[in-house]
Amino acid sequence: MVLLGALVNGLGILIGSIIGMKLHNIPERMKDTVMKGMGLSVIVLGIQMAFKTSNSLIVILSICFGAVIGEWLNIDYHLNQLGHWIERKVGAKGKGNVSKGFVTATLIFVIGAMGIIGALDSGIRGNHDVLYTKSVMDGFIALLLSTTLGWGVMLSAIPVFLFEGIIALFATQINQFVPADLMTLIIKELTATGGIMILAIGLNLLGLTKIRVANLVPGILVVALIVAGLYYF
C-alpha cells in the first residue's frame, strides 16, 4: 500500500498529541522550559540541515524568491485564519491556541527532507521504513508541543498525510521522467533550504522572533526549479 507510510506518520502525530494533551496539568514553568528546550533542539536540527548544501547560492535564491511568492500569496495569514476558523467552530477558546499549535506543528512536520525522502521511497520502492522512523520522532515532538500549544497540534496530522501521500503517489511515476542523480541533487538542496526554515521555527518557539515561516515554504518549489535548470542548462 503506497500510502501506508504517510498514514502511519499521521497516526503517530495523533497519538503523540493525545498523550501530550493528557499532560496539560504539568506546571507552567515546566511547560516553558520544555518549549525552550524544543526551540533549541529545532534550531540545532535546522543548522545541521542547512550545512548539507553544496551550493549556498541556491539556498539563498530559493529563500528569497520563496519569500516573495509566499508574501504575495500570504500563506501564513491563510494558515492562521484556518486555525482560527477551526477554533471558532469548535468553541476551543481557553483550551490552547489552536491556530498557533496547528501552524507550528504543520511547519515542523512538513518542512524537511525526511518526509519527502520517505514518501518517495514509499512510492518508488514500496519501502516505508523512513516514514515509520519519522512517525516515532513526530509522535514525541507532537507530545511535547501539545502540552503547551494544545490540540491544534493534532490537526497537523491532516496536512502531513496529504503532503506525504501526494508525493508517494507522484513518486510511483517519477522515475520515468526525473533522473536519479537529479533527484539526489534536489533533495540535498531541499534539505539545506528546509533547514533555514526549521531554524526560523526554532527562533519563533524561543520567542526571539516572529518570522512568518509559512511564507518561506514556496522556496521548496523554487529549489527544485533552480536545481533542475542548472542540471539541464
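These legends accompany several close-up views of the structure above. The model is a predicted one, in which local features need pLDDT of at least 70 and side-chain atom pairs count only at pLDDT 80 or more, while totals for chains, interfaces and linings use all residues. Residues are numbered from 1 along each chain as its sequence is written, and side-chain values use heavy atoms, with hydrogens and water left out.

**View 1. Helix α5, a mostly covered helix.** Helix α5 spans residues 98-110; helices here are DSSP runs of H or I with at least four residues, numbered from the N terminus. Its 13 residues reach 18 Å from the first C-alpha to the last, close to the 18 Å expected at 1.5 Å a residue. That expected span is 1.5 Å times one less than the number of residues. Of the 13 residues, 12 are buried, where buried means under 20% relative accessible area, exposed means over 50%, and partly exposed lies in between (1.4 Å probe, protein chains only). Among the buried residues you will find Phe102, Leu107, Ile108 and Phe109, along with Ser99, Thr104 and Thr106.

View 2. Lys134 counts as buried because its relative accessibility is 5%. The Lys134 side chain reaches the backbone oxygen of Phe109 at 2.9 Å, a polar contact (a pair of N or O atoms within 3.5 Å; within protein, one must be able to donate a hydrogen and the other to accept it, and residues adjacent in sequence count only if both atoms are side-chain atoms). Phe109 is itself one of the buried residues of α5. Setting aside neighbours within four places in sequence, Lys134 is in contact (heavy atoms within 4.5 Å) with Asn9, Phe109, Met114, Gly115, Val160 and Glu164.

**View 3. A salt-bridge network at Lys134.** Lys134 forms a salt bridge with Asp138, and the closest N and O atoms are 2.6 Å apart. The term stands for a side-chain nitrogen of Lys or Arg within 4 Å of a carboxyl oxygen of Asp or Glu. Both partners lie in helix α7, 4 residues apart, about one turn of the helix. Lys134 and Asp138 are both buried. Salt bridges that share partners join Lys134, Asp138 and Glu164 into one network.

**View 4. Ser146, also in helix α7.** With a relative accessible area of 3%, Ser146 is buried. Not counting residues up to four places away in sequence, Ser146 touches Gly16, Ser17, Gly20, Met21 and Val153. Ser146 and Val98 are 48 residues apart in sequence, and their C-alpha atoms are 9.9 Å apart in space.

View 5. The structure holds 4 salt bridges. An α-helix has 3.6 residues a turn, so residues three or four places apart point the same way. Asp32 is partly exposed at 42% relative accessible area, and Lys36 is partly exposed at 32%.

**View 6. Arg212 and Glu71, a salt bridge between side chains.** The Arg212 and Glu71 side chains meet at 2.9 Å, N to O. Arg212 lies in the loop between α10 (180-205) and α11 (219-232) and Glu71 in helix α3 (residues 56-73), so the pair ties together parts that are 141 residues apart in sequence. Arg212 is partly exposed at 46% relative accessibility, and Glu71 is partly exposed with a relative accessible area of 38%.

Technical notes
Helices (H or I, at least four residues) and strands (E, at least two) are DSSP runs, numbered from the N terminus.
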